[in-house]
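Trainee: I'd like to go over the pockets and the salt bridges. Please put the model up.

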Amino acid sequence: LKKLIIGQESSLDGYQAGAVAEVTSDCLKDKEVRLLRRVSAIVSNSSDEGLKRSITLAQEKGAGAWLTVLPISSLGWVLNKEEFRDALRLRYGWQIPNIPAFCVCGKKNSVDHTLICK
C-alpha cells in the first residue's frame, strides 16, 4: 500500500488487504506491549500508593466507559459541569477544590472520607 501511495498509482491492483490488516494488527499489539511496559515501570518506580491504585483502576475493562456514554437522563447518565469536573478529578487523583475542612460527622474531610462517610 505504501508503494502504491508513494507511486501515486490510480489502480489498487497491488493492494493486499489481508497483508495490510495483519501489519496493522501487529503494530497495535506492539504498541500495547510498549504501553504496558511503560505503565509497569511507572507503577514499580512510584512510591505513591494513590497513583498506583489510580493506574490499576484505570486499566480495568470499561473504566472509561462513562466518558463516552450518551447522556440519557431517564437512566441517570447525566452529569452537570461541576459533577463532570469532579469525576475527572477523582479519576486522575487531582485535588477537588472547595471541599470543607471537616465533615458533618466531625472528622477531618478528604475525598476518601467523603466517599465512605455515612
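**Pockets and salt bridges**

Trainee: What volume does the second largest pocket have?
Mentor: About 170 Å³, as space filled by probe spheres set on joined grid points. A pocket is an open set of 1 Å grid points that fit a 1.4 Å probe, with protein on both sides within 12 Å along at least five of seven lines; lining residues have an atom within 4 Å of a point. This is a predicted model, with pLDDT of at least 70 needed for local features and 80 or more for side-chain atom pairs, while totals use all residues. Numbering starts from 1 along each chain, and side-chain values use heavy atoms, without hydrogens or water.

Trainee: Which residues line that second pocket?
Mentor: Among them are Trp66, Leu67, Trp77 and Phe84.

Trainee: And how much space is in the largest pocket?
Mentor: About 550 Å³. Its lining has 22 residues, with Arg53, Ser54, Leu90, Arg91 and Gly93 nearest the centre.

Trainee: Switching topic, how many salt bridges are there in the whole structure?
Mentor: Three, counting a Lys or Arg side-chain nitrogen within 4 Å of an Asp or Glu carboxyl oxygen.

Trainee: What does Arg53 pair with?
Mentor: Asp112, with 3.8 Å between the closest N and O atoms. Arg53 is partly exposed at 48% relative accessibility, and Asp112 is partly exposed at 45% (buried is under 20%, exposed over 50%, partly exposed in between, 1.4 Å probe).

Trainee: Is Asp86 buried or exposed?
Mentor: Buried, at 18%. Asp86 bridges to Arg85 at 2.8 Å, N to O, and Arg85 is partly exposed at 32%.

Trainee: Which residue does Lys52 bridge to?
Mentor: Glu49, at 3.7 Å between the closest N and O atoms. Glu49 is exposed at 55%, whereas Lys52 is partly exposed at 22%.
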